[in-house]
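I opened the notebook on this model.

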Amino acid sequence: MSWKGTSTRSVIFDLFGITTNTVMLAATGQHVGKTTMSLGVFNGLTQKFGQGKVAYCKPLGQRYREIALGDGTFHKVDQDVEVMRNQFKLTGAWEDMSPVVFPPGFTRKVIDGDIQTHDLLNRIKDAFTTLASTADFTLLEGSGHMGVGSIVNLNNAQVAGALGVDVVIIAEGGLGRSFDQLALNKALLEKHGARLRGVILNKVEPDKYDMVKDYYTRQLSNLWNKPLLGCVPYMEQISLPTISGFAELLHGKFIAGEENRLRTFHRTRLVLDSGSSQNKYEAAMNQLIVTHASNKECLSAIIGAHRYCRTQSLGSDDFRGGLILISDTDPATADPEVIRGLAEFKIPSVWVKKGDFGPAPQNKTDPFRPPQDIDAKGHTPAHHGSSMNIMKMMAQYTQKHDKDDTQRLEATMAHIQKNIDFEGLCAEAPVVTQVKRAAIGKAMDILKHGKTL
């Protein structure tokens, strides 16, 4: 189907008299918490409009999985879409919820002319129209900052402008730096004809919450006449990575306790070998230890601490420890006795092969990132070497949501919801009637058979 008109929403309104209710959540940069915010916002919208009345779409995807469709073909689906679909039991077609994904090599194919950007944009417009025809509200989630995709002439700002949707930008908690990044994203947004509906601040330091909220609200109003639609304080419970996340980061393998793969830790420590006078193991609950698999003294002490806790509590308490083991060979074959002890207390334990962690991220999380220097195994030089590199990678790691981590997802949604102004977020979103939704749905059936809209 081909498209003509100033924007998709305008065309739909002109043809059918229907106002599609929608907003795009975007961010000022990576790891600001856009997907986290999408979870809470979507849950709040569902409570406002009703179960099954809210649709979700991530027009541009990056990290993806191949999903089998009913006709036997496979479709690349952004991982965030999979989380949202599973969490909220959404029934929209995968192709509509994740219409365009940038796989490895995508940028070069567009520049070489093998892929046409306008075809991708039409695919997004079709997906949006299909979803909007069956929902009272459609939530779009951007991919990274507003400029992601610019090299292929299809970024978040261009998508928002082409669809004619308002954008709510999520910025990091703070003042100067946060507002500067916001201004850059707003400028690109307006360049492509999209409108900023408001701003949400995320991960605001609790002790600065009132001050940041006051000054940000006033300056948004003074400079742009825009509202602060949310101010969400930092919450450690929903920010801590799981050991499963670390395993994925380091390309590790569970050798024990995988049933506790969603465990998080309040403390992470590097423990050197038993001959060292520093960094020795000290027993503490809910602690993740990074050590060499040959450090039997440390491993025995960890198992002993878990045994003591269970005995003293008569089985009612768990020491809640975890292990990252580094070695050249699989510890499961080298020391089965230790593995049995770790398994007995269900201590989540991940083996990371020495020198084999941290593959180069190019074309994985960010297909627009320029290539890095890599060695014969595909690793960047900075990712090789000591356990200190592992600690550094873990400290810098921000985990994506896991569709199976329901406890964290529920806590996330509750935390977000109570800090968002949903009336302001939906201020320009009148409810579409059942009759009008049926009319546009019928029109889409006609359009998908080759008509021009």
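I took helices (H or I, at least four residues) and strands (E, at least two) as DSSP runs, numbered from the N terminus. On that basis I found 17 helices and 15 strands in the protein.

I noted the ground rules. The model is predicted, so local features need pLDDT of at least 70 and side-chain atom pairs count only at pLDDT 80 or more, while totals for chains, interfaces and linings use all residues. Residues are numbered from 1 along each chain as its sequence is written, and side-chain values use heavy atoms, with hydrogens and water left out.

I looked up burial next. Buried means under 20% relative accessible area, exposed over 50%, partly exposed in between (1.4 Å probe, protein chains only). Of the 453 residues, 55% are buried.

I then checked contacts (heavy atoms within 4.5 Å). Among those with a separation of 6 or more, 73% join residues 24 or more positions apart.

The accessible area (Shrake-Rupley, 1.4 Å probe) is about 20,900 Å², and carbon and sulfur atoms hold 50% of it.

Which helix holds Tyr215? I found Tyr215 in helix H9, residues 209–224. Its relative accessible area is 45%, so I logged Tyr215 as partly exposed.

Last, I searched for disulfides (cysteine sulfur atoms within 2.5 Å). The whole structure has zero. Cys57 is buried at 1% relative accessibility. Cys426 is buried too, at 6%.
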